[in-house]
Amino acid sequence: MKTALSALEKPSAAPAPEKSDARNLVDAVFRARELSIGGALVLLILGTWLTNHSFLDSQGVKDLLLNSSILVLLAVGQSVVVATRNIDLSVGSVVGLTAFTCGDFVSGTSHGPLTVMLLGIAIGALCGLVSGALVSIGKVPALVVTLGMLYVVQGIDYALADGGQINAVNLPDPVLSLGSGSILGIPYLPLISVAVLAATAYFLRTYRSGRELYAIGSSPEAARLAGIPIRRRVLVAYVFSGAIAGLAGALWLARFGTVVANAASGWELTVVSAVVVGGVAITGGVGSVWGAALGALLLTTISGALIVLKVDPFWEQAITGALLILAITADRLVQVRTTNALRKRSRR
Amino acid sequence: MNDSDAGPAPVLALKDVSKSFGAVRALQDVSLQLFPGEAHALAGENGAGKSTLIKTLAGVHRPDTGQVLLDDSPVTFHGPADARDAGIAVIYQEPTLFPDLSIAENIFMGRQPRRALGRIDRKAVHAATAELMARLGVALDPQRPARGLSIADQQIVEIAKALSFDARVLIMDEPTAALTGSETARLFSVVETLRAEGAAVLFISHRLEEIFQLCQRVTTLRDGRWISSDPIGDLTEDDLVRRMVGRDLGELYPKQQTEIGEAALSVRRLTREGVFRDVSFDVRRGEIVALAGLVGAGRSEVVQAVFGVDRADAGEVHVDGKRLTVGSPTAAMDAGVALVPEDRRQRGLVMEMSIERNIALTGLDQVRRGGLVRRSLEQGRAADWSVKLQLKYNKLSDSVGVLSGGNQQKVVLAKWLATEPSVLIVDEPTRGIDVGTKAEVHRLLSSLAAEGLAVLMVSSDLPEVLGMADRVLVMHEGRLVAELPRTEATEESVMAAATGRNGKERAA
Ligand SMILES: Nc1ncnc2c1ncn2[C@@H]1O[C@H](COP(=O)(O)OP(=O)(O)OP(=O)(O)O)[C@@H](O)[C@H]1O
Ligand SMILES: [Mg+2]
């Protein structure tokens, strides 16, 4: 007598394999993002080249590659943190600190590029460890922790520099040639960035711990119930982001040779913008490092184009800011739209 | 199957476990034994402590005192991963999925099959997911994201997750609340197979017939205390209810005679491409109209379009003779319409906000004086409604997120009832609500109707439909196929229309 209405339902026919348009829709959204950035990039490059052909001569291309490789690297590190619904605002300061300390360490010695990179990675990882521990174990909001780290690291940097600077003439030649040399006409720096990028992308896609980073960002509560070691994963994400920033600092030294204490200050916002413009949602769980790298490439190209077109550099910041807002708004809208579309496509 | 007392040792047990949250004593000296090959039901009212007990077994909560025993030896689970590694699979009351990840990833997160060098074997993950879906008899694409899944499908994913590894103990917290009949039947047959293979099962449901159908033993909790554990054969439904509620329940479907006035809500030729078409009906003052039909017939979609949450492609909605702007919930609310949605957790509540805030959210005008929200008014209103709905809580200022599942449902009901609407639309008003309160909700709906409210109720619970409605509208595949007055509405007539066996009955 207590039959639920649904209990009498006619037996559902053998489940027809659902047309996977839901999946296609989501793929399409992602592709649309990467395609539109790619498209914007091509248009920008073409437009600038038409106005000034020197933009794409061999020196121009080389500059573009060199300038973007450090930002791409930082964007890769940042994406890993942002995927877990956190943020690392200290990367700019970490680059400055490692560039300076590495320079100080090798000035007047005959150390090679490997030592510089390893030292940079070690210093950066240490900074990441501190932020990561405070965020994951101390449960302090990431924004607060890394903003604090930004100033702490900067303070240490200034104290160490004490008004001085690193001069290219004191650096060992092998270190400098890391910044200027190339294989088959391709400079080392972009090669390193692409290698790190590809390795990170592969890791995030194919390893359990990589997927777990996205899971944490997508729903921390579900991650906890799924038994994911959230604290450890977040800690590692920060150490990784710090290490990458340290590597970027070492490359900065190799590229510019002359380094003052406030190198790369203010870069954190450019990096976050690149990542978000590239489709890594600031709310975590979504996006790829490839997208973030594209975002970084776009921002670098914009600033390069503005120089070539002799536009006031003030505009660069305004454009970056506008792109950031546009990207976050787009993310939000796309999310609402796809949710509705997916809901509609659900059978019930 | 009553011989297990003397038979095998319990796989998993609780011994004198207590757990408090601040001043709330959710569990007090509760003991429970789960035997291999036995399905054990856990019964109790909303807030009795069932979910807390489950979370203690799952390693989510650690008991304040008492022990968890695994194979007769005390264990401490430091987290859900420990319990899982001990072979305990849990389906939680509220689906907790990763919206951005695919269904397959949701199911296998942290446990994906791997290839050489620790790489995830994506193919194996998808194949295993497809197999699980086939076993449960549903057609969900393993690679689509979890975002946008209906609650029923979310629940299916949770079930698949629990079945995806060889569990010795399967724990299910109201897994059937949102499922269709055939899905429930599938779930039960899968559970039966597992049980036959020697797994221990712990099952929670507010639908007593399911408990009697699936389980061999039932433990009752009341206010966090253990009341009894009995073999199911020794009990009748009434015995079980008495143990849960601690008293005899009054009349189950208290329908009052009401005076039916003129139409308060008129829906004309409402259509939404591919979902429902040409839906027209009236709901008059003092009347309770039930919208019946199979899950998926388009009932929830119709009421959402009426309220304006979803757009309709064509058609009109009139409230008290005035035409509503389509697609505007604000306009609907201003006209005195309230909708208690089906998916309460996502659409109905702000989990971090207090109970009183949540109840006040819809009626800010009534608790506002000169632009400021008056806390005393807010509290008064919340206190009123929580008494009427027998809400079980510690302080009204506690966040809604810590309430038991059924009590969260009551807050959503309170929130909308507090707007003092003239047209009330409720989607599955008593899903997840215990037997005692269910009767209370029915009494409330009935007395509201007696005061002249027009009530439109979507329900999959046939006794509820037959017991409460003055008129039953039946939908089949997106169309209104029958309109049955109370006297003609029977289980057979409603089902016949709902399954499309006689589509011509519709009174013009
Ligand atoms: N995290 C928490 N913080 C504070 N109180 C809590 C928390 N979790 C549960 N409670 C309280 O413990 C009591 C028991 O809740 P529980 O969720 O176990 O009930 P339940 O039997 O599952 O009810 P339902 O049938 O409604 O799901 C309730 O009063 C609830 O408010
Ligand atoms: Mg519960």
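Visitor: Before we go on, what am I looking at?
Guide: This is a predicted model, where local features need pLDDT of at least 70, side-chain atom pairs count only at pLDDT 80 or more, and totals for chains, interfaces and linings use all residues. Residues are numbered from 1 along each chain as its sequence is written, chains are lettered from A and ligands numbered from 1 in the order in which they are written, and side-chain values use heavy atoms, with hydrogens and water left out.

Visitor: Why is C102(A) called buried?
Guide: Buried means under 20% relative accessible area, exposed means over 50%, and partly exposed is in between (1.4 Å probe, protein chains only). C102(A) has 1%, so buried is the word. C215(B) is buried too, with a relative accessible area of 4%.

Visitor: And what makes L184(A) count as exposed?
Guide: Its relative accessibility is 83%, so L184(A) goes in the exposed class. You'll find L184(A) in the loop between β2 (182-183) and β3 (186-187) of chain A. Strands here are DSSP runs of E with at least two residues, helices are runs of H or I with at least four, and both are numbered from the N terminus. L184(A) also has a positive phi, near 50 degrees, though this residue is not a glycine.

Visitor: Which class does D278(B) fall into, buried, partly exposed or exposed?
Guide: D278(B) has 32% relative accessibility, so it counts as partly exposed. D278(B) is in strand β12 (residues 276-284) of chain B, and its phi is positive, near 55 degrees.

Visitor: How do you know that S328(B) counts as buried?
Guide: Its value is 19%, so S328(B) gets the buried label. S328(B) is in the loop between β15 (322-323) and α10 (329-334) of chain B. A polar atom of its side chain lies 3.0 Å from the backbone nitrogen of A331(B).

Visitor: Now, ligand 1. How many residues surround it?
Guide: 21 residues, with G47(B), S51(B), T52(B), S404(B) and G406(B) the closest. A residue counts as near if one of its heavy atoms lies within 4 Å of the molecule. By type, the shell divides into six nonpolar, eleven polar and four charged residues.

Visitor: Why is ligand 1 said to lie between domains?
Guide: Domain 1 (12-97 + 149-246) and domain 3 (349-420) of chain B both give residues to its shell, so ligand 1 lies between them. The bounds come from an automatic or database domain assignment.

Methods: Nonpolar A, V, L, I, M, F, W, Y, C, P; charged D, E, K, R; others polar. Polar contact = N/O pair within 3.5 Å; in protein donor to acceptor, adjacent residues only side chain to side chain.
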